[in-house]
Amino acid sequence: MKQEIKYEQGVLPFDTDTEFAVLSSLMMYNEKLSVYDDLLSTELFYYEKEKAIFRCIDGVVNEGGITDVNSLYAYAQGHDVGYPLEKIDFVNIVSCASKRTLEQDIMRLRDMGRRRRLWRILQEYSQKVLDMTLNLDDVISDLMVTVSDSLDESGNNGIVSNDETLKGVHRVMLENKKDDGRGNCLMTG
């Protein structure tokens with residue numbers, strides 16, 4: 001079943017189901033936090049409550065604890081996580097765990113985060129385009145650099161699609177063909 005991405009006030013994409021799935025899987029499978037640590041950040045979550053739950057999971061795991069409802073609630077009570085959490089907030093998350101789809105859910109969450117970041121950049125530059133005191137060419141140039149930098153910062157951290165991998169393999173094959181088959185290979189005699 002295809003999930004719909006929701007838009008708050010028609011502006012920014014988010015999907016609470018995806019956020020719950022990621023949080024739930026991290027609660028159930030603590031070892032996955034270190035596996036996907038370079039892909040996850042608090043800013044990927046849309047609402048403050050989900051951000052706070054992520055902070056709790058991250059905090060308990062980094063302290064060497066196990067993330068059950070009681071340890072997460074205790075962590076929330078003892079630390080400033082940015083939102084007042086109750087035990088029921090953690091109980092509601094637990095039911096969504098799926099180790100099988102965690103990577104897919106994280107990538108979907110990151111995509112929505114990138115879209116929100118790009119939206120904010122475009123909002124800022126739409127105002128600059130209308131400012132007649134600014135040089136339009138400078139605004140466009142600055143926008144291109146800002147968008148490029150933003151996309152680089154939120155890049156895929158080494159994770160590539162099958163299409164990108166196949167294009168890379170095809171490129172190597174073409175290079176080898178040009179070099180009479182002796183390019184990127186080991187001659188064994």
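This briefing describes the fold, helix packing, aromatic contacts and selected residues of one protein model. The model is predicted, so local features need pLDDT of at least 70 and side-chain atom pairs count only at pLDDT 80 or more, whereas totals for chains, interfaces and linings use all residues. Residues are numbered from 1 along each chain as its sequence is written, and side-chain values use heavy atoms, with hydrogens and water left out. The protein contains eight helices and two strands, where helices (H or I, at least four residues) and strands (E, at least two) are DSSP runs numbered from the N terminus.

**Overall organisation**

- Along the sequence, the elements follow the pattern β-β-α-α-α-α-α-α-α-α.
- Of the 189 residues in the protein, 32% are buried; buried means under 20% relative accessible area, exposed means over 50%, and partly exposed lies in between, with a 1.4 Å probe and protein chains only.
- Among the contacts in the protein with a separation of 6 or more, 64% are between residues 24 or more positions apart; a contact means heavy atoms within 4.5 Å.

**Packing of helix α3 against α4**

- Helix α3 (residues 48-62) packs against helix α4 (residues 69-78) at an angle of about 105°, with the axes 9 Å apart.
- Axes are lines fitted to C-alpha atoms, for helices over the stretch in contact, and angles run from 0 to 180 degrees between N-to-C directions.
- Helices α3 and α4 are therefore roughly perpendicular to each other; angles of 65 to 115 degrees count as roughly perpendicular, under 35 as roughly parallel, over 145 as roughly antiparallel and the rest as oblique.
- On the α3 side the contact involves R55, C56, I57, G59 and V60, which meet S71, L72, Y75 and A76 in α4.
- The residues of this contact of α3 with α4 divide into six nonpolar, two polar and one charged; Ala, Val, Leu, Ile, Met, Phe, Trp, Tyr, Cys and Pro count as nonpolar, Asp, Glu, Lys and Arg as charged, and the others, Gly among them, as polar.

**Packing of helix α3 against α5**

- Helix α3 also packs with helix α5 (residues 87-94), at an angle of about 85° and with the axes 11 Å apart.
- Helices α3 and α5 are therefore roughly perpendicular to each other.
- K49, I53 and C56 in α3 meet D89, F90 and I93 in α5.
- The contact of α3 with α5 comprises four nonpolar, no polar and two charged residues.

**Aromatic and charge-ring contacts**

- The whole structure holds four aromatic pairs; rings of Phe, Tyr and Trp (its six-membered ring) pair if their centres lie within 6.5 Å, with planes under 30 degrees apart counted as stacked, over 60 as edge-to-face and the rest as tilted.
- One of these pairs, F14 and Y46, is stacked, at 4.4 Å centre to centre and 10° between the planes.
- F14 lies in strand β2 (residues 12-14) and Y46 in the loop between α2 (31-35) and α3, so this pair ties together parts that are 32 residues apart in sequence.
- Both F14 and Y46 are buried.
- Ring pairs link F14, Y46 and Y47 into a cluster.
- The charged end of K128 sits over the ring of Y125, 4.4 Å from its centre; the criterion is NZ of Lys or CZ of Arg within 6 Å of the ring centre and within 35 degrees of the ring normal.

**Selected partly exposed residues**

- N92 lies in helix α5 and is partly exposed, with a relative accessible area of 39%.
- The C-alpha atoms of N92 and V69 are separated by 9.9 Å, although the two residues are 23 residues apart along the chain.
- E86 lies in the loop between α4 and α5 and is partly exposed, at 44% relative accessible area.
- E86 and A74 are 12 residues apart in sequence and 9.8 Å apart in space, C-alpha to C-alpha.
- R120 is placed in helix α6 (residues 102-130) and counts as partly exposed at 48% relative accessibility.
- R120 and L12 are 108 residues apart along the chain, and their C-alpha atoms are separated by 9.1 Å.
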